[in-house]
Amino acid sequence: MSREAVVVGSGAAGSVAAWELARQGWDVTVLERGRNLRPGFGRRESGDVGTTYGSDEVKGYRGFGFPDGDLEPYTTRTQAEAASGVARSAQGALGQLGAAVGGTTLHYNAKTPRFWKQDFSLLSDMGPIDGAQVADWPIGYDDLSPFYDTIEQRLGVQGDRSAMPARTLEQSPRRRDFPMPPNPTGYAASLLAEGARLVGMEPYPYPAAVNSVERDGRPACNSCGLCSGFGCPINARGDALVSFLNPAVRTGRVRVIDRAFVDRVETTRDGRRARAVRYRDVRGRVHRVPAQTVVLAGSPINTARLLLMSASRAHPGGLGNRSDQVGRNMMFHNFTIVAAAFPFDVHPLRAQSTTLQIDDLVGPFTGPEVQALGVPYVTGGIIQLGSGGPPINGSQLLAGFAGYGLAHKAAMRVGPHAGVAGSQLVHQDLPQADNRVDLDPDVRDFLGNPAARITYSPHRHEQAAAALLGARMLLAHQAAPQSLAAIALPFPILSDGITYTAHLAGTARMGEDPRTSVTTASGRLHDVENVFVADASTFPTFPGFNPTLTVMANALRIARGVADGSAV
Amino acid sequence: MTPDTPTTALPWPSRRGLLAGAALGAVALVALPGLPSVAVPVGRDRNRYLSEEQLATLAAVVDRVVPGEDGTPGALEVGAHESIAALLGAFRTDPPRIYAGGPFSDRAGSRVNHFERFLPLDAYEQKAWKRKVRRFQETYTVGLDALAASTPDFAALPGPARDLVLQSSQDPAVTAMMGLAVTHAFEGTWGAPEYGGNRDTLGWQAIGFEGDRQPRGYTEDEVLNPPLEPLPVLDVTGALAAYGPALALATSEASMGLLALADGDARVLADRVQALLGDAAGVLDDVAAGVRDGDPGGALGELLDGLLGGRDDRDTTEAER
């Protein structure tokens with residue numbers, strides 16, 4: 001077997017896959033639709049790679065490193081709209097993931113909790129639930145555990161095992177402590193933590209891919225607070241580029257082609273093998289990269305879109321879509337947001353962002369209050385504790401309520417950079433057949449390819465979880481010392497549509513049965529010998545933890561199977 | 001009011017304290033120059049797309065978006081209208097004034113201000129931004145001219161009279177222009193000064209925001225023991241009651257998608273936020289009370305149905321899932 005691969009996407013999954021393949025002596029071509037934003041990439045050691053990012057909020061608002069909503073739109077609608085024949089109800093950037101070499105990890109919040117043992121057997125443990133396609137994973141925690149260890153070491157993760165609750169350690173056992181101790185906890189987070197303790201919760205330092213000491217030639221984080229949505233100006237954050245892709249390119253066996261808009265995986269006539277990956281450049285010229293092995297890592301929406309666009313006579317419903325599951329089970333992390341107001345400036349941005357984690361609302365819960373809400377169980381997720389927000393963000397959202405003018409300006413004085421601090425519950429989202437990505441029948445991108453259309457509504461499970469768990473979060477925030485008042489926004493209740501979030505999964509679920517899943521446990525398309533999916537598309541369920549660490553660990557597992565030939 | 005209106009500077013709360021304890025050594029390695037960039041000095045006239053009259057009207061507009069009459073600088077005083085003019089004329093310089101450079105300004109420990117050197121755009125970004133800037137130019141010029149035509153002395157009117165004109169205008173050209181101007185005035189007031197507004201960081205100072213902090217960052221002591229300046233209590237409680245949902249949203253990554261959906265149009269965003277949140281303030285209070293009182297019973301299910309029912313009423317379609 002030839003040791004050559006084409007990897008589509010250079011984010012968390014693609015970079016890790018390229019790194020592992022190169023480490024095992026493979027030659028790899030990585031195709032990325034974004035551009036490189038890190039000067040010195042591929043030419044310097046990762047500690048010396050520069051950045052064009054800064055603590056500059058305007059740049060974020062101008063979509064730096066993101067797809068443009070006019071050139072590459074998504075469209076969306078709710079399940080109810082789909083049922084009544086509405087083709088789409090919104091179109092544009094719609095909170096797409098980043099498009100740049102390194103993907104969204106260039107500006108992620110870098111929080112790296114592990115999934116729990118119970119997350120791999122939700123169906124077996126809790127039984128089916130109406131209206132959802134809950135499934136067990138074909139792998140367990142123990143299968144991922146060694147890959148978690150490798151990724152945490154390489155990425156550089158901070159945390160404190162001794163502070164983790166007993167149930168967390170039981171559900172996500174660790175052989176070693178974290179490579180680095182945690183950053184100092186922000187003052188605002190410490191106030192919210194006090195309130196959480198008063199209602200019986202156990203906050204602890206949030207594992208994060210952020211240097212707390214100088215490591216691998218990169219400096220320690222200095223707590224500037226502008227993390228999520230910002231590129232780290234000092235290179236203190238471990239990401240797909242500095243931790244994986246740059247070292248991979250420096251082996252000499254990996255080349256990255258940027259601004260490559262992949263639109264088709266070409267197969268042999270019988271459809272059993274991929275032969276090439278086709279892409280267009282920004283001017284629309286067509287290019288083909290011959291492929292012995294193809295690894296798809298474009299993130300769930302784009303991977304599903306590419307499989308669907310690759311339909312052929314042998315694969316009429318889309319490449320590898322005999323199960324009709326490609327694009328289905330699209331899952332987003334909904335958030336329940338809670339914020340508390342204080343009578344003084346608590347400096348919520350003066351710390352590494354959201355420095356604390358709480359696991360008390362992970363669940364599952366089955367008490368009478370759950371039954372009363374009409375579901376057999378609810379699962380929640382982690383709480384990320386202690387967020388603030390920079391001023392343009394605050395000003396735009398406040399204008400939704402206060403309009404503009406003096407009242408708005410007065411509210412800005414006490415905004416989320418000063419007197420308001422918040423938390424988010426990251427909700428498990430159950431997979432549903434009708435939450436799906438398909439090809440928009442009318443809307444196309446600037447190259448003439450159909451846009452991804454996302455049909456989505458939360459399940460009753462998520463709504464019940466938001467009501468019950470949001471209420472408990474609210475109590476914790478009301479109990480915070482000197483908290484004047486608190487407010488909760490349970491997104492799954494407020495919105496019948498997509499929550500715009502960088503946390504996505506589903507669309508090409510892995511499983512043993514080719515009739516109900518898209519890939520094998522090894523990530524290979526059931527029906528194609530040499531096409532693998534390495535990103536979060538493969539997740540059969542989507543537990544309520546920040547997904548990047550698991551995306552990377554799973555991509556490493558899949559890439560190792562490809563490289564050593566053990567993949568089935 | 002004119003662009004020469006005197007400004008009132010607020011004290012910069014803790015800057016001096018922050019200067020102590022600076023730790024720069026660890027980050028010197030990464031203070032590399034950005035991508036190759038051609039620095040073209042941007043004169044006051046070269047980058048302007050608007051006529052003097054249009055700019056004066058725009059100045060009078062942004063003055064109502066973030067007013068200065070509470071004694072702290074507003075959009076006009078910090079030059080937000082100049083930042084909008086710079087955006088409209090972004091392609092008159094090379095590189096275009098779209099993305100400031102990185103990684104550091106010179107406000108927090110770097111001797112070099114990388115923000116001042118704007119980044120070259122690649123072909124994709126050129127294509128995207130030329131379209132966007134053309135749309136902005138059209139919307140502003142048509143809107144500002146329509147405003148000047150309907151209210152010839154607009155710029156000379158007192159603030160409340162200008163508020164009335166802007167809020168009562170039914171002219172789609174004016175409302176479309178305001179959709180952009182509100183967002184852009186916020187960016188010009190509270191964005192980095194290199195984009196042409198937030199003069200001398202007065203916009204940040206007026207709301208107690210400390211600005212970009214790299215490469216200095218904060219010391220451990222500054223993180224653990226920040227200065228706890230009191231905020232006006234009445235304003236806090238009033239603001240939370242009135243704007244709490246928006247304040248909560250602003251602490252969340254989830255808000256980024258809402259903003260992306262609005263694509264820079266403040267009216268669209270306001271509609272989206274209001275449609276999403278409705279009267280969400282305290283929407284969970286009753287559930288919280290039920291959980292706290294240990295009275296789950298059947299009442300909670302009815303409560304959730306009630307919440308969802310209220311939401312479904314706002315939808316245009318209804319379907320059982």
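This is a predicted model: local features need pLDDT of at least 70, side-chain atom pairs count only at pLDDT 80 or more; totals for chains, interfaces and linings use all residues.
Confidence comes first. For the complex as a whole, the predictor reports a pTM of 0.92 and an ipTM of 0.96. Chain B on its own has a mean pLDDT of 78, with 69% of its residues at 70 or more. One stretch to treat with care is residues 1–43 of chain B, where pLDDT stays under 50; the model still gives this stretch 76 contacts beyond four places in sequence. Residues 312–321 of chain B also have a pLDDT below 50, and here the model has 15 contacts beyond near neighbours in sequence.

Of its 321 residues, 50% count as buried.

Helix α2 of chain B (residues 52–65) is a handy place to look at the packing, starting with its contact with helix α4 of chain B (residues 123–150). The two axes come within 10 Å and cross at roughly 80°, which means that α2(B) lies roughly perpendicular to α4(B). On the α2(B) side, the contact is made by E53(B), Q54(B), T57(B) and L58(B); α4(B) brings T141(B), L144(B), L147(B) and A148(B). Sorted by class, the contact of α2(B) with α4(B) holds four nonpolar residues, three polar ones and one charged.

Helix α2(B) also packs against α5(B). Here the axes come within 10 Å and cross at roughly 95°, so α2(B) is roughly perpendicular to α5(B). The residues of α2(B) that take part are A60(B), V61(B), D63(B) and R64(B), and they meet G159(B), R162(B), D163(B) and L166(B) of α5(B). This contact of α2(B) with α5(B) is made up of four charged, three nonpolar and one polar residues.

Helix α5 of chain B, spanning residues 159–168, also holds Q167(B). Q167(B) counts as partly exposed because it has 13 C-beta neighbours inside 10 Å, and a residue needs 20 or more to be buried. Between Q167(B) and A59(B) there are 108 residues in sequence and 17 Å in space, taken from C-alpha to C-alpha.

Turning to the contact between the chains, 112 residues of chain B touch 124 residues of chain A. Helix α9 of chain B (residues 233–249) supplies the largest share of the chain B side, with 14 residues. By class, the residues on that side of chain B are 71 nonpolar, 21 polar and 20 charged.

In chain A, five strands make up an open sheet with parallel pairing, in the order β6-β2-β1-β10-β20. At its edges stand β6 (254–257) and β20 (531–533) of chain A; each has a single partner strand, so one side of each lacks a neighbour in the sheet. From one strand to the next, the twist averages 20°. Within this sheet, strand β1 (residues 4–8) and strand β10 (residues 294–296) of chain A pair in the parallel sense over three bridges, with V7(A) standing opposite V295(A) of β10(A).

Strand β3 of chain A (residues 74–77) is another one worth a look. In a regular strand the side chains alternate between the two faces of the sheet. Both faces of β3(A) are covered: Y74(A) and T76(A) are buried on one side, and T75(A) and R77(A) are buried on the other. As for pairing, β3(A) runs antiparallel to strand β4 of chain A (residues 90–92), joined by three bridges, and Y74(A) has G92(A) as its bridge partner in β4(A). Strand β3(A) is also joined by three bridges to strand β17 of chain A (residues 450–455), this time in the parallel sense. In that pairing, T76(A) has I454(A) of β17(A) as its bridge partner.

How values were computed: Residues are numbered from 1 along each chain as its sequence is written. Chains are lettered from A and ligands numbered from 1 in the order in which they are written. pLDDT is the predictor's confidence in each residue, from 0 to 100. Two residues are in contact if their C-beta atoms, placed from the backbone, lie within 7 Å. A residue is buried if 20 or more other C-beta atoms lie within 10 Å of its own, exposed if 12 or fewer, and partly exposed in between; C-beta atoms are placed from the backbone. Helices (H or I, at least four residues) and strands (E, at least two) are DSSP runs, numbered from the N terminus. Two strands pair if DSSP finds at least two bridges between them. Axes are lines fitted to C-alpha atoms, for helices over the stretch in contact, and angles run from 0 to 180 degrees between N-to-C directions. Angles under 35 degrees count as roughly parallel, over 145 as roughly antiparallel, 65 to 115 as roughly perpendicular and the rest as oblique. Ala, Val, Leu, Ile, Met, Phe, Trp, Tyr, Cys and Pro count as nonpolar, Asp, Glu, Lys and Arg as charged, and the others, Gly among them, as polar.
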